[in-house]
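Please look over the sequence and the three-dimensional structure shown here, and keep both in view while reading the paragraphs that follow.

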Amino acid sequence: MNANPWTLPKHNRIRRLLVSLGERVARACEIIEDEDPDTVTLRHSDLRRLRARIYLQGQPRGTYGIAFEFPSAVPQVLARQEALDLGAAVRCLATHFDA
């Protein structure tokens, strides 16, 4: 990971998720800078179009939403998972980044 999660101007739940990512996931992805404290976008270190946007907006308290982006010849290939607890969100991100 290209940043220390604790120093990011993000909601504490976003920071907690980033810290909870396993070492392999953290090595496989980079944080894309943005100004929204309730979202963070991760990008695969090698496959730049493989991304995951983690968000809190519209989610039940204590859960996360993740919008997955895949490299594809077909534009706008997107999948979403919502209302994920911390463990499920971490597992989804590990699968997405194949780490």
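Of the 99 residues of the protein chain, 40% count as buried, where buried means under 20% relative accessible area, exposed means over 50%, and partly exposed lies in between, with a 1.4 Å probe and protein chains only. The structure is a predicted model, in which local features need pLDDT of at least 70 and side-chain atom pairs count only at pLDDT 80 or more, while totals for chains, interfaces and linings use all residues. Residues are numbered from 1 along each chain as its sequence is written, and side-chain values use heavy atoms, with hydrogens and water left out.

The accessible surface of the protein chain comes to about 5700 Å², and 49% of this surface belongs to carbon and sulfur atoms; accessible areas come from the Shrake-Rupley method with a 1.4 Å probe, and for residues only the protein chains shown count as cover. The C-alpha atoms fill a box of roughly 35 × 25 × 25 Å, taken along the principal axes. The protein chain has a radius of gyration of 12 Å, which agrees with the value near 13 Å that a compact globule of 99 residues would have; this radius is taken over C-alpha atoms, and the globule rule is 2.2 Å times the number of residues to the power 0.38.

Three helices and five strands are present in the protein chain, and read along the sequence they follow the pattern α-α-β-β-β-β-β-α. Helices (H or I, at least four residues) and strands (E, at least two) are DSSP runs, numbered from the N terminus. Among the contacts in the protein chain with a separation of 6 or more, 39% are accounted for by residues 24 or more positions apart, a contact meaning heavy atoms within 4.5 Å.

Helix α1 spans residues 12–20, and its buried residues are I14, R15, L17 and L18. These residues lie on the same side of α1 because they cover an arc of only 160 degrees around the axis, the arc being that of the directions from the helix axis to the C-beta atoms. What covers the buried residues of α1 includes the strands β1 (29–32), β2 (39–44), β3 and β4, together with the helix α3 (86–96).

In the segment before α1 lies P9, which counts as exposed because its relative accessibility is 61%. The C-alpha atoms of P9 and D34 are separated by 9.4 Å, although these residues are 25 residues apart along the chain. P9 is also one of the residues touched by P37, which has contacts with P9, K10, H11 and I14 when residues up to four places away in sequence are not counted. P37 itself is placed in the loop between β1 and β2 and, with a relative accessible area of 39%, is partly exposed. P37 and L8 are 29 residues apart in sequence, and 8.7 Å apart in space from C-alpha to C-alpha.

What is the phi of A83, which is not a glycine? A83 has a positive phi of about 55 degrees, whereas most residues other than glycine have a negative phi. A83 belongs to strand β5 (residues 78–84) and counts as partly exposed, at 43% relative accessibility.
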